Structure formats: structure tokens, C-alpha cells
Amino acid sequence: MRHARALLLTILLPFLAATLFASGPVLEDYLPRGGSYDQNVLKPADSFGFEVGEWHLRPELIVAYLEQLADSSDRITLEVQGRSYEQRKQVLLTVTSPRNHARIEEIRQAHLALSDPSVDPPDDAALADMPAVIWLGYSVHGNEPSGANATPLVAYHFAASQSSEVLDQLDNLVILLDPMLNPDGIARFAHWANTHKGRVLIGDPTHREHTELFPSARTNHYWFDLNRDWLLAQHPETRNRLRTFHRWRPNIVTDHHEMGSNSTFFFQPGVPSRKNPLIPARNVELTEAIARYHAAAFDDVGRLYYSQEGFDDFYPGKGSTYPDLHGGVGILFEQASSRGHLQDTQNGPLAFPTTIENQFIVTLSTVAGGMALREDLLRYRIDFTNRTVRDARAGSTAAYLVSFPSDQGRRHAFLDLLHQHQIEVHALGRLREKGGVTFRPEDSLVIPTVQPQALLIESLFEPLTEFTDDVFYDVSTWSVALSFGARLAVLDSADLRGQTLGEPLGPEPRRGNLYGSDDGVYAYLFDWSEYRAPAVLNSLLAAGASARVATAPFNVNTVGGTETMVPGTVVVPVGLSSDAERLHATIEQLARTSGVDIHGVGSGLTPGGIDLGSPSMIPLESPKVAILVGLGISAYEAGAAWHLLDQRFEIPVSLLDTSRLSRAALESYSHLVLVDGRYTLSQDTEKHIADWVSSGGTIVGIRGGARWVDRVIRGRSSPSESTDSASASDSGERRRYGEYRRDRARQLVGGSIYEVELDRTHPIAYGYIDDTLPVFKSDAGTLEPSSNPYENIAWYSESPRLSGYSSEENQERLGGGSAIQAGTRGRGVWVLLADDPNFRAIWYGTNKLFLNSLFLSPAIRPTSAPASWSSENQSGDGHDHH
């Protein structure tokens, strides 16, 4: 500790102690006092035209300055990792000594070899000369901008400093500087804060500068939280970043954030009882050792800070936890936010330059700690690699076998996800039976556990049902096999014998097949069980084709013989097309690129079941979708629905602000989507929507949106909501005040995975081949069972939890509860979903429920309860509802 403080005194002291930069920030106020800097290196203000902290920096300003530094400094190189949705550059600086730059590829390869168990580790002498790698990552949340705004200071410091300490660091470290993990969000917030800045700074927390409108700049273009996407890898910003991460496998990864304005400064370790159980104890020891450098730095300038409280290292999809499962040390920083240029707080006025300064301080303390612990970090990587593979060999699980029957779309997406994480995947070598389930080679993937990514594989596949704590900062489970709706089997070493393990699989293009296409085609058919089937249907409808969905089974003669087509099969009659030649060309192109098999048949008369002109073939139309957005509505859920339709299925979507609903021409839309949120609409607007449904519109309510639809469209009491208060709240029982937060947490569903039982005869469940389905639950809400039994489509199983935290009380209460309903009002349709089917873009297994509510709603016809049906048969207790 004494050595750490002495080193920090040399590097960091004395930082400006004032918290307000009352006379305006200048570069020297940020930099360590007494340091010598090369005056030929471009200063940030000479590029921007103003000092860091005076205005919020737009991404293009940051990138331009870093490009100028890289062009002029032999300590810095710049590369473009990729581009965001809005086509902003994701740049990366490599900062090290000129000598290291001359052999940077050699350094990278040697460092990467530490993560390869097949390569002998370097001897002590080689390790003593090996640089450690530190990745500095800033502002994954756009409205937490102090990190990104600190990056010009960081780059300048390492480009210009002449101190012996910095020169030593550059000789012994490779620093990867990622200035903006979310450039689109940074751009939105910079525009907001700068637009509302006056000559006189306003600290009033209710000032418009500090209160963003919907949607906040926290998220990326599609309103996703990118700090949950490291594991899910669904967005270009993350995928670009993961390529860099796996190209280097850094020893330390920093993740610079902001939190509530009345807070101080947090750095890890987090809450000890909420550490992911797969993270080695040595990781925590190293985190604690580095934390002492942060503490010493803040002690020296008199700043308030804390550790081991509030934040955790449980969910591995965050930037500070993902590295922990790769032999690195992830470090979360949380700075109290000025949310603009100046804000009054309980700790006094908080100026934007102060927040930037604190991020700069902990950046330098991280580098100082990484320098001092360099060999420890490198040895830890070697030990982690060897222990991971050794434990995998000793474990009982030799491989995970997953299958996606009749769905190449989900299989393709699943394989792609695993490849993003450098996970080795094999084909299934032969037909296998396991646990009463048949696994076919063409549908299946085998993931062996004995490989360098063994720890991440275990995290991705193993369900979680036992916990040392019942409070979670984020979700409590993330099983990708369940989120994809895959069939899963766990294989031991005996199961792998006999050619079970096929060839390693690389990236695969989507390929479908066209069967029976010739001049005599009467109609084209395709199975709705394929994930990409809605994309094929949408393309055909957009091309002017006529399509229908079968609501009863039928047989057809194909090149492979007679096949039974199930309800949900889409039929495209050639005779109803105004341009048969164009239809044939479109079909051929879709079969080549979609991954969906399409069959051509020569007659409308079938050998069994309904014929192709049957009234049970319901005409379909292109959905014209509007998603309601605005204050009080979940931007995450609205963004997930928007992203799914726009990015994956190329379906036009209108984002309709609730403030404009009273003036909206609802007849322009076929579907309204209401995600979770509080809908405070006027009675006239509610009547406007209700009349639109009665006239033929379809309204889809999800979570809180379902409660609104149930009340306004169905005229019923709201679906039951989570009992968020402590269980003893109405009993008169005495409870300790200090236990309130924990008691409350026990009543919540901590982002868990539940099982529902599906009525697969209903159009909302078309395309599913199993009677049960995993769903993601983020609250304890259910739907009030409908008095019409035909409107109840899915129920939670009696013992519903598959993975994740949920109190026994909630499991018992949710078991048997209603999860999905649909019915009619007038000529329109309503659909209620108790859970978000599009959660974080990773729930491929439940996306179809949402897509069916859009494409197949015309197949939902009016029903009524049988005359003998009474309230006693409604199964409100969850029993006898099948």
C-alpha cells in the first residue's frame, strides 16, 4: 500500500481540488501537476476550439482529434473497428511505445497465446519482458458522457507526457483506448445538453437540460442498452467490439459509467455475495489490489467514493463482467452525473468538468495499478487458461447438444452467436436419441466443453436455480438455449463415442430449397415453423403476391412423396398473382437466400384434408404496424419490437407518439402495438382506439400494454400485477426497517425463465412444434383468465420456473396462471402477452408469438364460451384449464 501511494503521488499529485472549475476548465486543471508535456503535441482545445468540459463533445469532434493525434504521434495508432447503426465510426487507439509499435503484431500473438492451452506458456524471463494489455472503454450509455469526454485528455496525456513514469508505462503496457462504446447515444445526448446550455449555467435539477424526453440517450439507435449486449451480441456496436476483444484478450477492461447525481463515485469490487460463482477468487483479489490505487488517488484529492455496495458482477453480459470469464479483470466505474453542464446535488454543485476529471483520475490509477501488477495479471491469465480446461476435462459434462427441428433460421442465428464468442461448434455426426428426444444431424449442433471457452460455455448453457443472494442488479439468468427455444441435451464422455461429434462448423450462409418448381405450379407452400417464414411472407406480400394461411391440416404430393402440412402453412396461389413470372422469380430468390424451404404443387386438390381453395385458408395482408411510444412507455421494449421488425424482417414500422394519438389517422394502420408502460390517455383517445379495433384493427398489448388493452378494449379489470411489497405488509406483523429492501426483492421475479403450455391449434401459436415454451419473465404479472376458454392460449406450467431467481411464493402464485390470450371485438382483434417476447433481441424462441399477432391475426375468428361454461370452470386457480 505504501508503494502504491508513493507511485500515485508521483503520477497523479496534485490534481486540482476544486469541484466547480469556477473560472472555466483549462487543460492544466486536469493534468497531473508538475508533469512535463511535449508542446508540439496538439492539445484538445486547439482541435475543438474550446476546452474539454465547456461543451459536450460530439462523436465527430472526438474522432477528429484522435485521428489528428494518431497522424502526428509515434505512440498512437488508430483503427476503425466498425460502424454503429447510424454509421458513426467506432475507433480504437493503440497506445504504447514506438519500440512496441514496431513489433505490435508479435506482441499481440504472444499475448493471445496465453489464452491457448495448447501453447506452452512463456518462461519467467519472457514473462518479465511481456507487456500487459489494458482496454479502456468509455460511455456505453450515451447520457453518461463524462467518460467519453475524458478520452481526449487520456489520449493527450499518453501522447505528450515526458515523465519517466509514463514512458515506463508505455514500454510495459499496450493500452487500447475505446473512446465511445455507444457513439449514437453520445451524439444524442451531446445535442440535448448543448441545445439547452445557456451562458449562465443552471444547476436546478428540474431544468430542461437535466430532464431528457423520450427516448433518453442512454441507448443505441434502436433503444437497446448496449451494456447488456456483451453476451447477447445482437448489435453491430457489440460485434465490432467483440472482434477487438478476442483479437487481444486484454488483462484489464475498464467500463466507465455514471449514476444518480446525488451519489459519489463507485469502483469495484462489487457486492461480494452477488459475484458470479464462475469468477475465480483470484480475479477478486486482483480487482481489490487495483482498487487500492483508485482509493489512494481519490484520497489525495479529497473525493468521496465507495466500493463493494450496490453493484455486482453477476450477469456476464456487462462490460465489466464479460472479461472476468476470459481470464481478465473487468472494472466498473460509476461517477455521479451532472446530466448536463452543472447540477445541484446533496453533495453541493456538481460541474461537468469535475465528472470528467474523476474519470481521468481513475483511468490513470488503473494504468498505474496495471503497471504495478503486470506480471501478476499475466500469470493469472496463464493459470486461468490451464484451470479452465483442466476443470472442463474433469467435469461430468462433455458437450451440449442443441437442436432446432424444422427451423434453420434459429439454428443459423444460434451458430452465429457462438461464433461471436470464439466458441468451437461441431456438427452432429449421426442421428441420436437422448432423453426421449431425437436429434437429427441437419437440425443440431454439438458444443464440446473441453475448449478454451469452457467457462463461458457453462455460463451460457447451465440453468441457474440456486443463489447465495436474492438481490440482483440485472437479470438472474441468461440461458441461450432456452431463449432460442432449442431442444437441449447434456452429453457425457460416453455419449460422444461413435461419431457423435461431427466436423467443426464455421459461418454458414442461409440456404433454403425450392422443390417442384416448374411451369405447372398451381401454388407455392412453406412451413410457418421456420424463423424466417414471416420474412418470406412479408417479401411476397410486398411483391404483390396473394397469400393464405391454413387453419386446418392437409396433405400434398411433393417430390419427396405425400407430406402432411399443419395449420400455419402459408399457401401462395399462382393464379391469383397479376404477374406470375415475377412471382416465380421472387420465390426462387427467396428460396436461395432465406433459409426457408418452399414447395411447388401442381393442383389445388389435395390427397387429404382441406383443399387449397378451402374457406379454412384465410387470406393474409401486409401488416401496417404502429408502435406507441412516448413518456412513461418502455423504450427498451418498444425498441426491441422496432428492431425485430425493421432489422430482421424489413417490415415498415411507424413510431407513433402518444401525444399525437388524438390526431392520428388510425385507419392508416392495421396493427397497434402497446409495450410495457403507463398509458395516460384521455377518454376521447381511448374511445378513438376502441372504435378503431371494433372497425377491424388489431391491438397487441405486452405487459403493461396488456393491462391497458384489457381495461379499455375488453372492459375488464387489469391483469394481476406483481406483489412488490413485503409479504407481511397486510398482516400487522412486525418487520425490521433495515430489511425492507431485501424483503421487497424476494417478492420480485429477478429476470427469470418460466415455462408456458401452448394451445398449438390457435393462430398465435402456429409454427411451434412443442406443447411447452420457455418465456422470459421480468415481473410477477399474469393475465386474468378469460371467461371464454378459447381465448386462453398459454398458461404457466404448474412448476413454471426453468432458470433464474423467483421466490417460492411467486412460483406457486404464477403456476397455472394465464400468459397469452387473444380474441375479437367487433371486426377487430386483441392480443395480450403477459411477457415481452422480444426481450433484448435474444429471445428468438418467442419472437414468433409477436410476429403471429401481426401476420396471422386475420385467422383469429370470434368464439364464445359453451353454454355449460361457468366461472367455476375458468381455472383461476391454475387447475384443469386444458
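This is a predicted model: local features need pLDDT of at least 70, side-chain atom pairs count only at pLDDT 80 or more; totals for chains, interfaces and linings use all residues.
1. The six-stranded sheet. Six strands make up an open sheet with mixed pairing, and their order across the sheet is S17-S23-S18-S22-S19-S25. At its edges stand strand S17 (514-515) and strand S25 (617-620), each of which pairs on one side only. Within this sheet, strand S19 (residues 547-550) and strand S22 (residues 570-573) run antiparallel and are joined by two bridges.

2. Helix H18 (residues 533-542) lies across strand S18 (523-526), S19, S22, strand S23 (598-601) and S25. The angle between helix H18 and S18 is about 155 degrees.

3. The three-stranded sheet. Another open sheet has three strands in the order S21-S20-S24, and here the pairing is antiparallel. Strand S21 (561-565) and strand S24 (608-609) are at the edges and have a single partner strand each, so one side of each is left without a neighbour in the sheet. Five bridges join strand S20 (residues 554-558) to S21, and the two strands run antiparallel. Asn-555 has Thr-564 in S21 as its bridge partner.

4. The largest cavity. Rolling a probe the size of a water molecule over the atoms shows where empty space is left. When the whole structure is searched, six cavities of 30 Å³ or more are found, and the largest cavity has a volume of about 110 Å³. Its lining consists of 13 residues, and those that lie nearest the centre of this cavity are Thr-477, Trp-478, Phe-839, Ile-842 and Trp-843. Sorted by class, the lining of the largest cavity comprises nine nonpolar, three polar and one charged residues.

5. The second largest cavity. For the second largest cavity the volume is about 80 Å³, and the residues that line this cavity include Val-756, Phe-776, Ile-820, Asp-835, Asp-836 and Leu-849. Strand S31 (772-777), strand S33 (818-825) and helix H25 (844-855) each contribute at least two residues to the lining of the second largest cavity. By class, that lining divides into nine nonpolar, one polar and two charged residues.

6. Cis peptide bonds. Most residues other than glycine have a negative phi, and most peptide bonds are trans, which is the background for this point and the next. The peptide bond from Phe-214 to Pro-215 is cis, with omega near -15 degrees, and Pro-215 is placed in the loop between helix H10 (183-195) and helix H11 (236-248). The bond from Gln-268 to Pro-269 is also cis, with omega near 20 degrees, and Pro-269 belongs to the loop between strand S6 (265-267) and helix H12 (281-301).

7. Positive phi values. Gln-422, a residue other than glycine, has a positive phi near 60 degrees, and its place is in the loop between helix H15 (408-420) and strand S11 (426-428). The relative accessibility of Gln-422 is 48%, so this residue counts as partly exposed. Gln-499 likewise has a positive phi, near 65 degrees, and is found in the loop between strand S15 (487-491) and strand S16 (501-504). Because the relative accessibility of Gln-499 is 64%, and exposed means over 50%, Gln-499 counts as exposed.

Conventions
Residues are numbered from 1 along each chain as its sequence is written. Side-chain values use heavy atoms; hydrogens and water are left out. Two strands pair if DSSP finds at least two bridges between them. Helices (H or I, at least four residues) and strands (E, at least two) are DSSP runs, numbered from the N terminus. Contact means heavy atoms within 4.5 Å. Axes are lines fitted to C-alpha atoms, for helices over the stretch in contact, and angles run from 0 to 180 degrees between N-to-C directions. On a 1 Å grid over the protein atoms alone, a cavity is a set of points where a 1.4 Å probe fits but cannot get out, and a pocket is an open set with protein on both sides within 12 Å along at least five of seven lines; lining residues have an atom within 4 Å of a point. Grid points are joined across faces, edges and corners, and a volume is the space filled by probe spheres set on the points. Ala, Val, Leu, Ile, Met, Phe, Trp, Tyr, Cys and Pro count as nonpolar, Asp, Glu, Lys and Arg as charged, and the others, Gly among them, as polar. Buried means under 20% relative accessible area, exposed over 50%, partly exposed in between (1.4 Å probe, protein chains only).
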